[in-house]
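Please open the model in your viewer with the sequence panel beside it, and keep a selection tool to hand. The stops below each begin with something to select, followed by an account of what is there.

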Amino acid sequence: MDKIGVLTSGGDAPGMNAAVRAVTRKAIYEGLEIIGIKRGYTGVIESDFMVMDRGSVADIIHRGGTMLHSARCEEFRTEAGRKKAIEQLKYGGIEGLIVIGGDGSFKGAQLLSEESDIKVVGVPATIDNDIACTDYSIGYDTAMNTILDAINKIRDTATSHERTFVVETMGRHSGILTLMSGLAGGAESILVPEIDFSLEEVCEKLNHGYERGKLHSIILVAEGIEQDFTSSTDNNESQAFAIAEEISNRTGFETRVTVLGHLQRGGIPTAQDRILGSRLGAAAVDLLLEGETNKMVGVVHEEVKSFPIEESLTRSKDLNKEIYKLADILSL
Ligand code: ATP
């Protein structure tokens with residue numbers, strides 16, 4: 001193998017740059033030519049390629065986002081789109097491809113490796129941390145710390161005004177980011193898609209807290225919760241607004257809503273995310289050099305490991321119910 005490519009795809013995540021830097025420099029160290037592909041799979045189809053050298057990735061390890069830019073590419077979901085992508089990779093002489101992204105990007109990587117002889121390795125990067133076969137994905141730690149920073153600030157206002165704040169966090173269908181941020185942030189209640197909850201219990205907890213003299217409460221709500229409280233509000237609004245209104249109706253407490261939104265995806269990557277990005281990026285190059293394909297790299301109990309992409313797509317990453325229980329006990 002002489003020439004490989006690297007791209008970032010799906011939602012951007014802090015630490016992607018550290019991974020791009022690691023892929024680039026490890027590849028050069030191993031005597032490979034390395035091509036940066038811009039805007040994910042869109043850039044493959046459009047042949048938006050750039051030759052990378054050591055200097056191309058200078059001064060990026062501390063930056064959020066991704067220097068290669070990211071995209072969601074509908075055309076790549078079709079066989080015809082992937083055929084175009086394969087042609088461009090072949091034309092560019094790219095024999096191996098490293099895809100840094102979430103599970104959607106992994107699905108694309110899997111199909112690419114099955115439909116061509118190009119070797120493909122995935123590096124998990126998503127703030128949601130919903131990818132199986134790795135304890136952590138790149139961006140998760142930074143996003144958790146961003147959420148904590150927001151909770152700290154909201155807590156100041158919540159205390160001063162004696163209010164209940166409903167804070168909505170990202171995570172798509174997974175509640176892992178919300179649960180762990182809620183535990184670390186000392187949230188009074190944590191509502192996640194994986195666990196049924198009753199607003200009655202949430203309100204009871206608020207009332208008990210109030211009786212004990214609590215001045216404020218913070219309720220974290222994962223964006224993916226499916227219980228429907230939208231009857232009294234606009235359907236397009238996030239569930240957090242409906243929940244806040246319902247809590248206010250049932251308890252009489254003043255509630256406010258903060259939807260953290262894209263704030264959670266940006267920011268300076270933490271040490272953990274830079275270390276993870278560096279380790280996994282370098283490991284992905286090693287896998288390609290070993291002739292592997294259709295694999296992903298992950299970190300399990302601090303050790304870098306590799307798994308078939310299929311396994312990471314089919315195994316579910318479960319929310320830790322013990323931690324959910326602990327968070328509940330500690331917030332009583
Ligand atoms: P995040 O978890 O941050 O959203 P992601 O990688 O899951 O990241 P997606 O938008 O789901 O983000 O996927 C990124 C891109 O991967 C898509 O825009 C598409 O180009 C490709 N992709 C996703 N699913 C498939 C699929 N089933 N077949 C082929 N390509 C796919």
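Begin by selecting helix α8, residues 239-251, whose 13 residues reach 18 Å from the first C-alpha to the last, close to the 18 Å expected at 1.5 Å a residue. The expected span used here is 1.5 Å times one less than the number of residues in the helix, and helices (H or I, at least four residues) and strands (E, at least two) are DSSP runs numbered from the N terminus. Within α8, colour Gln 239, Ala 240, Phe 241, Ala 242, Ile 243, Ala 244 and Ile 247, which are buried. A residue is called buried if 20 or more other C-beta atoms lie within 10 Å of its own, exposed if 12 or fewer, and partly exposed in between, with C-beta atoms placed from the backbone. Just after α8, stop at Gly 252, which takes a positive phi of about 85 degrees.

Before going further, some notes on the model are in order. It is a predicted model, in which local features need pLDDT of at least 70 and side-chain atom pairs count only at pLDDT 80 or more, while totals for chains, interfaces and linings use all residues. Residues are numbered from 1 along each chain as its sequence is written. The mean pLDDT of the chain (the predictor's confidence in each residue, from 0 to 100) is 95, and 97% of its residues reach 70 or more. The model scores ipTM 0.96 and pTM 0.95. Where pLDDT is low, the predicted coordinates should not be read in detail.

The 13 residues of α7 should span 18 Å at 1.5 Å a residue, and its end C-alpha atoms are 18 Å apart, which agrees. Just after α7 comes Gly 213, with a positive phi of about 95 degrees.

Move on to helix α9, residues 271-289, where 19 residues reach 27 Å from the first C-alpha to the last, close to the 27 Å expected. This helix is mostly covered, with 14 of its 19 residues buried. Just after α9, Gly 291 takes a positive phi of about 85 degrees.

Select Arg 172, which has a positive phi of about 50 degrees although it is not a glycine, in the loop between β6 (164-169) and α6 (176-185). Arg 172 counts as partly exposed because it has 17 C-beta neighbours inside 10 Å. Then select His 301, whose phi is near 50 degrees, in the loop between β10 (295-300) and β11 (303-308). With 6 other C-beta atoms within 10 Å, His 301 is exposed.

Now centre the view on the ligand. Of the 18 residues around it, Gly 10, Gly 11, Gly 102, Gly 104 and Gly 108 come nearest; a residue is near a molecule if its C-beta atom, placed from the backbone, lies within 6 Å of it. Which helix gives the most to the shell around the ligand? That helix is α4, residues 103-114, with six residues. The shell divides into four nonpolar, nine polar and five charged residues, where Ala, Val, Leu, Ile, Met, Phe, Trp, Tyr, Cys and Pro count as nonpolar, Asp, Glu, Lys and Arg as charged, and the others, Gly among them, as polar.

Stay with α4 and select Asp 103, which is in this helix. An unreviewed UniProt entry lists Asp 103 for "binding site"; such annotations may be inferred rather than shown by experiment. Asp 103 is buried, with 22 other C-beta atoms within 10 Å. Leaving aside neighbours within four places in sequence, Asp 103 is in contact (C-beta atoms, placed from the backbone, within 7 Å) with Asp 130, Ile 131 and Leu 313.

For the last stops, select Ile 4 in strand β1, residues 3-8. Ile 4 is buried, with 25 other C-beta atoms within 10 Å, and beyond four places in sequence it touches residues including Ala 27, Ile 94, Leu 97 and Leu 288. A distance drawn from the C-alpha atom of Ile 4 to that of Tyr 210, 206 residues apart along the chain, comes to 60 Å. Finally, select Gly 65, in the loop between β3 (49-51) and α3 (79-91), which counts as partly exposed with 18 C-beta neighbours inside 10 Å. Leaving aside neighbours within four places in sequence, Gly 65 is in contact with Asp 12 and Gly 266.

Methods. Two residues are in contact if their C-beta atoms, placed from the backbone, lie within 7 Å.
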